[in-house]
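Subject: Handover of a structure model

Dear colleague,

Please find below the structure that I am passing on to you. My notes on what was found in it follow directly after.

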Amino acid sequence: MKKNRKMPCILLAGAIAMGTFAPAVKVPAAETAAVSAQGEAVGLDESWTWASNSQIHDGAAVLYRCGGSLDAPGRKNLTVCVNAGHGTSTGPDYQTLSHPDGTPKVTGGTNAEGMIYSTAISSGTVFLDGTSEASANLMTAMALKEKLLQDGYDVLMIRESDDVRLDNIARTVIANNCADIHVAIHFDSTQSDKGVFFCSVPDDASYRQMEPVASHWQEHMALGQALIQGLSGQGLALFGDGTLQMDLTQTSYSTIPSVDIELGDTASDHSAEACGRYAQGLKEGIDLFFRSRAGE
Ligand SMILES: [Zn+2]
């Protein structure tokens, strides 16, 4: 399939020095000599498709190159966008178009079915012990980043701190233009330790005929299934068959394989050890996805 991922990303290298976003967390050098300690800030280019639908985009993601350069040995030339869900403090104050074409949502979720506008980015749920979902998402994302870089992937980190000024549309449009796949990490708001699932593309004819969903929904599903397989391999229980149909802003705007993965809910283990296990399962699922796409 022809890809458009070679479009140059906007690199705002000066943004780190200017303090416009939190500095990237340094990778422990001892065990990961191949890992770049410093990434490049990637802001939203307002010329990108649907960028103008974003309400919050004065922050930046950070792109890490495996080995720190384009010609590092072992580099796969594959970029994974790791999106720790939530973590934009004023997100709930803004609304964005649920679908690029202005049609209403076909399922409920954080925002109700039928809504033309959705919360730009919600604050997420809270675990039964009071821990925020956003912080567990971030812990898992940071662990996944390390595992991916160590294995030759480049990684686009949407956030590495508690608060980044990027709403769901900004995150998705940056991923569309600067990554090969987009994995958003979440936990659900129920209280039953329900197990792992991904938000699958709703089986709704109008939704699946709407661009860019029409051109990409099958690859979203393939990525979701691969992640579920990787997580299952870590011994994690599934919720049902590992899918729950959900009309998400992320899915509605994605032009690369893109999944919201839910690692459990507010009763699930979110210790550092557990988040490491989730990250390992996600990493193995990502490997599976690329291997099957390459026909291996
Ligand atoms: Zn969430």
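Two residues are taken to be in contact when heavy atoms lie within 4.5 Å. In the protein chain, residues 24 or more positions apart account for 81% of the contacts with a separation of 6 or more.

Please note that this is a predicted model, in which local features need pLDDT of at least 70 and side-chain atom pairs count only at pLDDT 80 or more, while totals for chains, interfaces and linings use all residues. Residues are numbered from 1 along each chain as its sequence is written, and side-chain values use heavy atoms, with hydrogens and water left out.

Overall composition

The protein chain contains seven helices and ten strands; helices (H or I, at least four residues) and strands (E, at least two) are DSSP runs, numbered from the N terminus. Of its 296 residues, 55% count as buried. Here buried stands for under 20% relative accessible area, exposed for over 50%, and partly exposed for values in between (1.4 Å probe, protein chains only). The accessible surface of the protein chain is about 12,000 Å², and carbon and sulfur atoms hold 51% of that area. These areas come from the Shrake-Rupley method with a 1.4 Å probe; for residues, only the protein chains shown count as cover.

The sheet

Eight strands make up an open sheet of mixed pairing, in the order E1-E2-E6-E3-E7-E10-E8-E9. Strands E1 (40-42) and E9 (238-245) are at the edges with a single partner strand each, so one side of each has no neighbour in the sheet. On average, neighbouring strands of this sheet are turned by 25 degrees against each other, direction ignored. Two strands are said to pair if DSSP finds at least two bridges between them.

E1 and E2 are antiparallel and share three bridges, with Glu40 opposite Leu63 of E2. E2 is also joined to strand E6 (residues 154-157) by three bridges, again antiparallel, and here Val62 stands opposite Met157. Strand E2 (residues 61-64) is covered on both faces: Ala61 and Leu63 on one side, and Val62 and Tyr64 on the other, are all buried. Further along the sheet, two bridges connect strand E8 (residues 196-200) with strand E10 (residues 258-262) in an antiparallel arrangement; Phe198 has Ile261 of E10 as its bridge partner.

Helices

Helix H7 (residues 272-293) lies across strands E3 (79-84), E7 (181-186) and E10, and runs at about 155 degrees to E7. For such angles, axes are lines fitted to C-alpha atoms, for helices over the stretch in contact, and values run from 0 to 180 degrees between N-to-C directions. Helix H3 (residues 168-178) is largely enclosed by the rest of the structure, because ten of its eleven residues are buried; among them are Ile169, Arg171 and Cys178.

The zinc site

Which protein atoms are the donors of the zinc ion? They are His86 (NE2), Glu133 (OE), Glu133 (OE) and His186 (ND1), at 2.1 to 2.8 Å from the ion. Donors are N, O and S atoms within 2.8 Å of the metal (3.2 Å for Na, K and Ca); water is not among the atoms, so sites may look incomplete. The angles among the four donor atoms range from 50 to 145 degrees, and the site is irregular. Four donors count as tetrahedral if all angles lie between 85 and 135 degrees; four count as square planar and six as octahedral if opposite donors are over 155 degrees apart and all others between 65 and 115; anything else is irregular.

Along the chain, the donors follow the spacing H-x46-E-x52-H. His86, in the loop between E3 and strand E4 (95-97), and Glu133, in helix H2 (residues 133-150), are 47 residues apart and link distant parts of the chain. Both His86 and Glu133 are buried.

Loops

Ser123, in the loop between strand E5 (117-119) and H2, is exposed, with a relative accessible area of 52%. Not counting residues up to four places away in sequence, Ser123 touches His86 and Pro92.

Gln191 belongs to the loop between E7 and E8 and, at 59% relative accessibility, counts as exposed. Its C-alpha atom is separated by 5.2 Å from that of Thr266, 75 residues apart along the chain.

Finally, a cis peptide bond joins Glu211 and Pro212, with omega at about 5 degrees. Pro212 is placed in the loop between helices H4 (205-209) and H5 (213-232).

With kind regards
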